[in-house]
Amino acid sequence: MANLSNERRRLARFLPGVLWRVMRKCGKMMNAVKKYFGFEERGTNLRTEILAGVTTFLSMAYILVVNPALFSEGGVPFSGCYIATILSSALACMVMGAVSNYPISIAPGLGINAYLVYTVIIAQHHSWHEALGAACVAS
């Protein structure tokens with residue numbers, strides 16, 4: 001019992017120091033984030049930016065389901081298109097925010113996708129492989 005009590009005392013002395021170091025490093029990182037994104041110049045803070053990001057995501061989240069549903073009519077597997085839509089949207093938004101420091105969200109556009117599915121794949125009887133390949137070459 002005495003050993004357990006000593007271990008608890010040592011741990012109680014050790015933890016505040018560890019927590020202080022972690023909080024100090026997090027504070028330094030937060031200052032770097034604030035400086036990089038210019039929160040003070042723009043009159044904002046991290047909470048406001050996270051809330052704005054969540055709101056933007058929720059307003060455009062329909063594309064994550066509509067795009068794969070659209071392409072599945074042209075023969076593209078729904079699950080693969082779903083994952084590709086999520087990954088491409090997430091990567092594009094992160095690059096736009098981190099590299100350009102501009103708060104714009106990016107996702108696949110339904111206009112060109114509807115054209116590919118209904119005109120190129122269904123009406124002109126091309127495979128979805130050819131249609132997506134042509135879209136890649138054209139862009």
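**Exercise 1. Aromatic pairs**

*Solution.* The model is predicted, so local features need pLDDT of at least 70 and side-chain atom pairs count only at pLDDT 80 or more, while totals for chains, interfaces and linings use all residues. Residues are numbered from 1 along each chain as its sequence is written, and side-chain values use heavy atoms, with hydrogens and water left out.

Step 1. Apply the criterion: rings of Phe, Tyr and Trp (its six-membered ring) pair if their centres lie within 6.5 Å; planes under 30 degrees apart count as stacked, over 60 as edge-to-face and the rest as tilted.

Step 2. Tyr36, Phe37 and Phe39 form one aromatic cluster.

Step 3. For Phe78 and Tyr82, the centres are 6.0 Å apart and the planes are at 10°, so this pair is stacked. Both residues lie in helix 5, four residues apart, about one turn of the helix. Helices here are DSSP runs (H or I, at least four residues), numbered from the N terminus.

Step 4. Assign exposure (buried under 20% relative accessible area, exposed over 50%, partly exposed in between; 1.4 Å probe, protein chains only). Tyr36 is partly exposed at 44%, and Phe37 is partly exposed at 27%. Phe78, at 39%, is partly exposed, and Tyr82, at 31%, is partly exposed as well.

**Exercise 2. The largest pocket**

Which element gives the most to the lining of the largest pocket? Describe the lining by class.

*Solution.* Step 1. A volume is the space filled by probe spheres set on the points, which are joined across faces, edges and corners.

Step 1. The largest pocket has a volume of about 840 Å³. Its lining comprises 29 residues, with Glu49, Gly53, Cys93, Gly97 and Pro103 nearest the centre. Two or more lining residues come from each of helix 1 (2-37), helix 2 (39-42), helix 3 (46-60), helix 4 (63-72) and helix 5 (78-98).

Step 2. Helix 3 contributes the most, with eight residues.

Step 3. Sort by class (Ala, Val, Leu, Ile, Met, Phe, Trp, Tyr, Cys and Pro nonpolar; Asp, Glu, Lys and Arg charged; the others, Gly among them, polar). The lining has 20 nonpolar, seven polar and two charged residues.

**Exercise 3. The second largest pocket**

What volume does the second largest pocket have, and which helix gives the most to its lining?

*Solution.* Step 1. The volume is about 280 Å³. Of its 16 lining residues, Asn67, Phe71, Cys81, Ala84 and Leu132 are the closest to the centre.

Step 1. Helix 4, helix 5, helix 6 (110-123) and helix 7 (128-138) each supply at least two lining residues. Helix 5 gives the most, with five.

Step 2. By class, this lining has 11 nonpolar, five polar and no charged residues.

**Exercise 4. Confidence**

Which element has the lowest mean pLDDT?

*Solution.* Step 1. pLDDT is the predictor's confidence in each residue, from 0 to 100. The protein averages 85, and 85% of the residues score at least 70.

Step 1. Helix 1 has the lowest mean (71) and helix 4 the highest (94).

Technical notes
1 Å grid on protein atoms, 1.4 Å probe; cavity = no way out; pocket = protein on both sides within 12 Å on 5 of 7 lines; lining within 4 Å.
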